[in-house]
Amino acid sequence: MTLDMARPRKEEKTVSLHARVKPGTPDKLKALAILLGLTHGGEGSTGKLLDKVADLVTEETLGLLVDKNKGDG
């Protein structure tokens, strides 16, 4: 038994997300993830990228976005 097999893999609780986007969007998101160092299996991880974006969302940042959008209408 190798060391990797002896150590249990850290299990992360995740959910699946499906979104309809423009044709070039997945490649752009993967490229952005790579630039930010968010990779999995040598590719850009859009899941990790979305998790980072979600981590930035707070009541304060949501309030700023809502206030900004009210002024645009």
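**Terms and their grounds**

Mentor: The lining of the largest pocket divides into seven nonpolar, eight polar and six charged residues; Ala, Val, Leu, Ile, Met, Phe, Trp, Tyr, Cys and Pro count as nonpolar, Asp, Glu, Lys and Arg as charged, and the others, Gly among them, as polar. This is a predicted model, in which local features need pLDDT of at least 70 and side-chain atom pairs pLDDT 80 or more, while totals for chains, interfaces and linings use all residues. Residues are numbered from 1 along each chain as its sequence is written, and side-chain values use heavy atoms, without hydrogens and water.

Trainee: Why are Lys30 and Glu43 said to form a salt bridge?

Mentor: A salt bridge requires a side-chain nitrogen of Lys or Arg within 4 Å of a carboxyl oxygen of Asp or Glu. The closest N and O atoms of Lys30 and Glu43 are 3.4 Å apart, so the pair qualifies. Lys30 lies in helix 2 and Glu43 in strand 2, 13 residues apart; helices (H or I, at least four residues) and strands (E, at least two) are DSSP runs, numbered from the N terminus.

Trainee: Where is Leu36 placed?

Mentor: Leu36 is in the loop between helix 2 and strand 1.
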